[in-house]
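Me: I'd like a close look at one part of this protein, with the terms spelled out as you go.

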Amino acid sequence: MLPNIVQVSIFWTVQASAILTVAVPFRWAFIALWAVSHFARAIGLTLAFHRYFAHRAFKMNRVARFVWTWIATSAMQKGPIWWAGHHVNHHKYADREGDPHSPMVSGVYYAHIGWFLNDAKHDTVAPTNPVVRDFSKAPEIAFLDRYFFLPPLVLAVAMFAIGGLPWLVWGFCLPTMTLAHATFAINTVNHMFGTRRFETHDESRNNVLTALFAAGEGWHNNHHRYQGAARNGFYWWEFDPTWYVIRAMAALRLAWDVHPVPRRIYEEARVVRARRSRRTMTSIIDAIPLSFELLEETE
Ligand SMILES: [Zn+2]
Ligand SMILES: [Zn+2]
């Protein structure tokens, strides 16, 4: 395994290397290269690490699972078992002591990046963790978890081999940096800024901006309310590209047992919305006599 100091150095080097985009000649096609690299890996993380390994929201073909896990691991966010194992703990303790990354518990910097680099506390996941227990048995998954540096290395080398420094910078450095913050923002931004459709016991929020950059993960309050669904956007207007990919895989029979959002959860959303609009109406009505009184007094 790579010593922690090496991992931390590589992490910050890649983060800083994104600045090299200004050092190479600009072409509009590089924006497309950034987008493919950012979003393909964002969908990999969301689909495989998050919805499959951590939440088991659907089942998938073993070859498809390996391909998506490889793509996700190339995001340079450590291995599938490490990632999903910690995520299970996030839901277990959500915004309370024990949550590996909560801005409420440990401050914004630690929740965003600090915890990810803190080897002493977060290097391993307990053997009793359900992700470790069930997925370490698959040799190809255990391999990717152990040699998590391999897929990003292959991607970086491939980019350089295809197009030299400009491809390395636009196809690896910049998108790896933007994707790191898109993912980390779910742990920070989505627990601080946004709307709360459901009155959950944590601080989770829905945020359209993080939904866009993290391939549908920004509907985080929905997700904290019901983790078992294969979709985080609960309605058609909540952009969730990972959900569209899972649906396409199901149509091709590469995925099955796709868990929907139960009807009771939609009903709960409706009840909360109705209660809130009643409350708003009451406060408007309450305000009317007061303003009349004020008017009368001033006349
Ligand atoms: Zn959360
Ligand atoms: Zn989750």
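Me: Which domains is the chain divided into? After that, please take me through the largest nonpolar core.

Reply: The chain splits into domain 1 (4-261) and domain 2 (263-299), with bounds from an automatic or database domain assignment. Bear in mind that this is a predicted model: local features need pLDDT of at least 70, side-chain atom pairs count only at pLDDT 80 or more, and totals for chains, interfaces and linings use all residues. Residues are numbered from 1 along each chain as its sequence is written, while chains are lettered from A and ligands numbered from 1 in the order in which they are written.

Now the core. A nonpolar core is a set of buried Ala, Val, Leu, Ile, Met, Phe, Trp, Tyr and Cys residues joined through C-beta atoms within 7 Å; buried means that 20 or more other C-beta atoms lie within 10 Å of a residue's own, with C-beta atoms placed from the backbone. The largest one here has 57 residues, and Phe49, Phe53, Ile81, Val131 and Ala214 touch the most other members. Several helices (DSSP runs of H or I, at least four residues, numbered from the N terminus) each supply at least two residues, among them helix 2 (29-54), helix 4 (80-93) and helix 8 (130-135). Helix 10 gives the most, 15 residues.

Zoom in on Phe53: leaving aside neighbours within four places in sequence, Phe53 is in contact with Ala48, Pro80, Ala84, Val131 and Phe135. Contact means C-beta atoms, placed from the backbone, within 7 Å. As a general point, nonpolar side chains tend to be buried together in soluble globular proteins.

Terms used
A residue is buried if 20 or more other C-beta atoms lie within 10 Å of its own, exposed if 12 or fewer, and partly exposed in between; C-beta atoms are placed from the backbone. Two residues are in contact if their C-beta atoms, placed from the backbone, lie within 7 Å.
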